[in-house]
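I opened my notebook to get to know a new structure. Here is what I looked up, step by step.

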Amino acid sequence: MSTENMNLTLKVWRQKDHKAKGNLVDYKLSDISPDMSFLEMFDVLNEGLVDKGEEPVVFDHDCREGICGACSMFINGQPHGPLQGVTTCQLHMRSFKDGDTIVVEPWRAQAFPVVKDLMVDRSAFDRVIAAGGFISVNTGNAQDANSLPIPKVQADSAFEAAACIGCGACVATCKNASAMLFVSAKISQLAQLPQGQPERYRRVQSMVAQMDAEGFGNCTNTGACEAECPKGISLENIARMNRDFYSAKFVSEESI
Amino acid sequence: MASFGNAFSSSIGKKLIMGITGLFLILFLIVHCFINALIFFNDGGLTFNIGAHFMASNWLIRAGEIVLFVGLIAHIVQGARLTFQNQAARPVKYAVTNGKANSKWYSRSMGLLGTLLLIFLIVHLSNFWVVSRFTGIPTVDANGHEDLYAVMKETFKELWIVVLYTLAMISLAYHLLHGFASAFQTLGWNHKKYSPIIKALGVWYSIIIALLFAAMPIAMYAGIIN
């Protein structure tokens with residue numbers, strides 16, 4: 001951990017477009033404040049590149065508050081960098097030391113094609129949600145607090161699943177590029193609440209089918225996704241998705 | 001029309017096949033290990049040969065052997081398919097990965113450990129299974145049973161075989177260390193009360209089975225049992 005300004009070497013993946021062959025390019029940065037976020041460090045890099053008339057590094061970012069799921073970046077072999085429970089925008093340069101070499105790559109998966117440099121196309125996640133990650137009735141106004149009794153543990157568990165910001169770190173870190181943690185979180189946030197029940201078994205079949213169609217890999221339970229998830233989504237969700245899937249396929253008489 | 005649809009061809013269904021066949025093989029290993037452990041009676045293999053004779057002559061066991069081979073082949077074929085599919089899901093690899101920060105090396109190496117076990121299995125089956133089923137066990141013991149124990153003793157006179165078996169059992173221990181608990185997770189058995197028990201049971205199971213199996217060729221080679 002550094003408290004002094006530092007000099008760093010960055011190795012950043014540069015790729016012109018989806019079709020181009022990319023490569024890692026070295027950049028030297030000096031006088032980087034430890035209080036900068038990782039993305040602010042990239043802003044400094046890009047300002048320097050623009051000054052020199054070079055093309056800035058393209059990367060995804062939006063809220064910079066750790067809640068939107070836009071920022072990505074595979075930093076020194078880990079999604080969102082070395083810290084647990086944070087996104088790249090909440091990673092600060094104090095987590096690095098003077099003289100460090102930092103390798104920054106885009107998320108890598110068949111289902112997440114690189115758009116440019118560090119930006120990947122995560123619309124596969126949108127299509128998985130569109131396949132069934134919703135309830136098809138208007139819920140109307142907020143109900144009276146006690147009209148839909150839900151046990152607290154169940155509500156908590158649903159909310160924990162709903163904390164998923166869809167950043168794709170689970171896919172990025174999984175050695176199989178599997179999206180099961182994401183999909184299971186999106187299934188679990190609805191499967192545990194009364195409003196999600198009518199479509200529960202239809203939903204799991206549709207979303208799993210879409211996940212497979214997108215070309216994500218198969219889960220081998222290494223647990224890397226859970227360890228790297230900035231929102232702490234639990235593997236329990238994958239087990240719940242598996243249970244619902246088996247119920248849907250082997251017990252339910254309705255098929256999609 | 002209700003149908004099972006893509007139940008087994010989906011990503012979850014493929015895992016289910018791995019999990020169920022894996023648990024079946026785990027059960028088989030218990031039987032295999034404890035019958036083999038009869039050699040530790042150190043009575044010249046008389047007790048062990050009774051066990052071996054029973055396993056070879058009981059029709060239920062022989063029918064079970066067919067199921068065992070189906071399960072084993074399904075586990076191997078499905079495992080290989082999954083490994084190739086999972087590699088294809090990331091066509092461009094990372095320049096730097098830091099797997100040890102988030103997972104155990106053996107959980108990421110099930111394909112490699114499984115391949116080592118497959119190589120071992122080919123040697124192992126030709127050592128014993130082919131002999132007892134096809135080429136025939138040459139001698140009988142004092143009880144008149146086929147002397148599989150003598151075949152064991154003869155096989156484990158070779159140092160390279162003992163080394164191969166020991167290395168294979170290390171692979172087996174790590175393969176089981178991940179596989180045992182992983183199979184339950186795949187079946188959806190993730191529960192705050194039971195998961196810690198399953199995990200602990202998996203660790204003990206992996207260590208005990210691998211140690212017992214490894215002790216057999218080593219003890220025979222070292223002459224601890226005759």
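I began with contacts in chain A: of those with a separation of 6 or more, 72% join residues 24 or more positions apart. Two residues are in contact if their C-beta atoms, placed from the backbone, lie within 7 Å.

A note on the source: this is a predicted model, where local features need pLDDT of at least 70, side-chain atom pairs count only at pLDDT 80 or more, and totals for chains, interfaces and linings use all residues. Residues are numbered from 1 along each chain as its sequence is written, while chains are lettered from A and ligands numbered from 1 in the order in which they are written.

Next I looked up the elements of chain A and found eight helices and seven strands. Both are DSSP runs numbered from the N terminus, with at least four residues (H or I) for helices and at least two (E) for strands.

Then I picked one residue, A:Ala109, in the loop between strand S5 (101–105) and strand S6 (114–116). Is A:Ala109 buried or exposed? I found that A:Ala109 is buried, because 26 other C-beta atoms lie within 10 Å; buried takes 20 or more, exposed 12 or fewer, and partly exposed is in between, with C-beta atoms placed from the backbone. Leaving out residues up to four places away in sequence, A:Ala109 touches residues including A:Phe216 and B:Arg90.

Last, I checked the two chains together: 42 residues of chain A are in contact with 37 residues of chain B. Helix H8 (236–251) of chain A gives the largest share of chain A's side, eight residues.
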